[in-house]
Amino acid sequence: MDLLNRLASLDPDIKLKALREVKNQIIGNRTKKLAFLKLGAIPAVASLLAAAIAEADSQLKNGEVTIADKNSNYYNNNTFIQSAAVLGSFACGFDDGVRAVLDAGALPYLIQLLSNPDEKVVDAGARSLRMIYQSKLTPKYEILQDKKMEFLLSLLNSESENVTGLGASIITHSCETSLEQKSLSDAGVLKKLLGLLEGSFSQRDASLESLAALFRNNPEVVSKFVGQESGSALSSIIGLTKDRYPRTRLLACMCLIVIRNSSPFYLQDVGIKTKLLYLSLELLDDPGEVGDEAPFVFSSLIMEKEDLQKLAFEANALEKFSNHLQNSRLHPKRLQGILLALADICSKLESCRYRFLSLEVWNMVTNALTHDSAGVRTAACICIRSVTRSIKNLCAGYFMNEVLVIPLVQLLNDSLVSVQVAALGAISNILVDFTTGKSTFVQCGALKQLIQLSKSMESTVRLNALWALKNMVFLADDRCKEGIFMELTASLLASLICDHNPFVQEQALALVRNLIDGCISSVEYVFTENGIILDAVRKQLESTSKAEIGIQGMYVLGNVASGNEFHKEAVMQQLLPQVDNENQSFIIKFLQSNDSRLRTAAVWAIVNLTFPSSPGAFRRLIKLRSLGIVPEIRNMVNDPCLDVKLRVRTVLGQAVIFGDGLT
């Protein structure tokens, strides 16, 4: 508290000394930062900076400078430098510090320092702002506004290393849209950033990060850059992969991966892919921040790319990441990155999943589910989701054990939606389990939790909760289905089928489809509460323009139509036009769809309605013919989709048995 009192002293020497002491105590010390933050140090420092700026502005307006003014100017400049250093240190790698700096209104004051005639003041302001703009909490810099674009270009054209670095950092932080990328490119920023690649290591690194932001998902900007300097621009970045500084090598690797992912015309040969893969693996061994970030760069290279995942497998990447995973003192960011990298390697190839499970580090992944870091918990769930795609191990019930299930279910109560969604994704995969072990989840309280989450205000949570419930009832026994339906209730299912989010609608219909699949007694679920579920299904089928909703809805009707006569007649009622002036059933639209999956689902329902051994099959066939459904099916006899063609011929074959003569 004594330090804070000294910051408020009227003696400028005491204030300056207090500022230096605060700076020296908080640099690299998170505990001290938090302590000073709670004491209100940041607003106090911001007030000092504001007062010093106001005094300096007042002197400029007066014109004539006295000796007293010169002394004051000395103290003001030192206050600028020390205040900027303190605010920047609070913001460095500390989100609570960034938030406090922003809340104190310090950002515009720091920006004012950039126009100060004293180079040391400008450098101090630029360094502080760079630290602030490294945080996602910092407001987006509106690049497209004319004055702000001019200011940004003036930063990049500065002679000061810290100022140009600030300009590059702002681009990295705020350049997000293709229009912003194009505007910066058209303003000549690419050439300026290319020039910075030949500057100091700090300028090179800032330039590489900015270039990556400009290139991301923008092949036009990539092509423009590659054409710079007679085609040598790309070679400049490739050359930096051999730089003596590990961070420069990492950023060059990241930048090249962004180019490769953004444009199909550059860096697509096996040689460069292999080089980037091995480089990102090599940088994992760095003990500092570079090693923490390397797994994320590696993931960006192999994500959704089976050929590169196979290359990673052959490069023993699984073994390397698993060895690092066994280090109990990993930085949370590195642990998060390793788990995500393992998830990406195992996302497509069964051989990768098999190798990973053989490395005996699975317990370390499950332990990460209870980590203090939300990022680590989320990454662990994503890793589990990826590895549990293994049908072989699901069939063997490998993942259906309390060591894994209990912490996953507990994460459904996590305070962060991102963690809940990731946990739901992992649970969904495990619930596909083809054994009868689904009771493990029910005993752990998962069913009640999933139903509660299906009512969440967050549509992503509702969606993923329904996905898990859908998999829970998949191939479940009758007793399990009954227990699930009793908890779910028909009214909740009906409301979810009519949810405002179409993806939620689709999963709700898919859940009902799985619920009533199999035993005829299961079909009765859609008739409870006066058939509220069946009415909701018809409502969605009549109004939807989304093929996926039509597919799931038609399979629901198809499953109901596989039941007894009462069930089949109920489906017939759904197919009848419900509005007086509507002459055509919605199923005609589905039979004419360009989506072969929807055509297949629609024809399946007709197959089940007209099965010859059913007493009312002939009567239904006549009705379907009068509705124009059978003639439409006859037109599909040469459908380009084999599945559709086979089902169509089944319907027509069943019609022939009744002497309908449609063949």
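Biologist: What percentage of the 663 residues of the protein chain count as buried?

Modeller: Keep in mind that this is a predicted model. The protein chain has an accessible surface of about 29,600 Å², with 52% of that belonging to carbon and sulfur atoms. Of its 663 residues, the share that counts as buried is 54%.

Biologist: How many helices and how many strands make up the secondary structure of the protein chain?

Modeller: Along the principal axes, the C-alpha trace spans about 115 × 60 × 60 Å. Take contacts between residues at least 6 apart in sequence: 70% of them join residues at least 24 apart. As for secondary structure, the chain comes to 42 helices and 0 strands.

Biologist: How far apart are the mean positions of the positive and negative charges of the protein chain?

Modeller: There are 68 positive and 69 negative charges to average over.

Biologist: Which helices do the buried residues of H29 pack against?

Modeller: Leu447 and Leu450 are among the buried residues in question. The partners of that buried set are H26 (402-410), H27 (417-430), H28 (439-443), H30 (459-473), H31 (478-488) and H32 (490-497).

Biologist: Which residues does asparagine 471 touch, not counting residues up to four places away in sequence?

Modeller: Asparagine 471 lies in helix H30. With a relative accessible area of 9%, under the 20% cut-off, asparagine 471 is buried. Leaving out residues up to four places away in sequence, asparagine 471 touches Ser428, Asn429, Leu431, Val432 and Lys438.

Biologist: Which loop holds threonine 489, and what is its phi?

Modeller: Threonine 489 lies in the loop between H31 and H32. At 29% relative accessibility, threonine 489 counts as partly exposed. Most residues other than glycine have a negative phi. Threonine 489 has a positive one, near 75 degrees.

Biologist: And leucine 267: is it buried or exposed, and at what relative accessibility?

Modeller: Leucine 267 also has a positive phi, about 60 degrees, although it is not a glycine. It lies in the loop between H16 and helix H17 (270-283). Buried means under 20%, so leucine 267 counts as buried, at 11%.

Biologist: How many aromatic pairs does a search of the whole structure find, and what are the distance and angle for phenylalanine 201 and tyrosine 245?

Modeller: The search finds 7 aromatic pairs. Phenylalanine 201 and tyrosine 245 form a stacked one, since planes under 30 degrees apart count as stacked. Their values are 5.0 Å centre to centre and 25 degrees between the planes.

Biologist: How many residues apart are phenylalanine 201 and tyrosine 245?

Modeller: Phenylalanine 201 is in helix H13 (residues 201-215), while tyrosine 245 is in the loop between H15 (233-239) and H16 (246-262). Phenylalanine 201 is partly exposed at 44% relative accessibility, and tyrosine 245 is partly exposed at 30%. The pair links distant parts of the chain, and its partners are 44 residues apart.

Biologist: At what distance from the ring centre does arginine 513 lie over the face of tyrosine 555?

Modeller: Another charge over a ring is the charged end of lysine 148, which sits over tyrosine 141 at 5.3 Å from the ring centre. For arginine 513 over tyrosine 555, the distance is 4.0 Å.

Biologist: Which residues is glutamine 574 in contact with, leaving aside its neighbours within four places in sequence?

Modeller: Glutamine 574 lies in helix H37 (residues 565-575). It is buried, with a relative accessible area of 8%. Its contacts beyond those neighbours are Leu534, Asp535, Arg538, Leu557 and Phe586.

Note on methods: Residues are numbered from 1 along each chain as its sequence is written. This is a predicted model: local features need pLDDT of at least 70, side-chain atom pairs count only at pLDDT 80 or more; totals for chains, interfaces and linings use all residues. Side-chain values use heavy atoms; hydrogens and water are left out. Rings of Phe, Tyr and Trp (its six-membered ring) pair if their centres lie within 6.5 Å; planes under 30 degrees apart count as stacked, over 60 as edge-to-face and the rest as tilted. Helices (H or I, at least four residues) and strands (E, at least two) are DSSP runs, numbered from the N terminus. Buried means under 20% relative accessible area, exposed over 50%, partly exposed in between (1.4 Å probe, protein chains only). A charge sits over a ring if NZ of Lys or CZ of Arg is within 6 Å of the ring centre and within 35 degrees of the ring normal. Contact means heavy atoms within 4.5 Å. Accessible areas come from the Shrake-Rupley method with a 1.4 Å probe; for residues, only the protein chains shown count as cover. Lys and Arg count as positive and Asp and Glu as negative; His and the chain ends are not counted. The place of a charge is taken as NZ of Lys, CZ of Arg, CG of Asp or CD of Glu.
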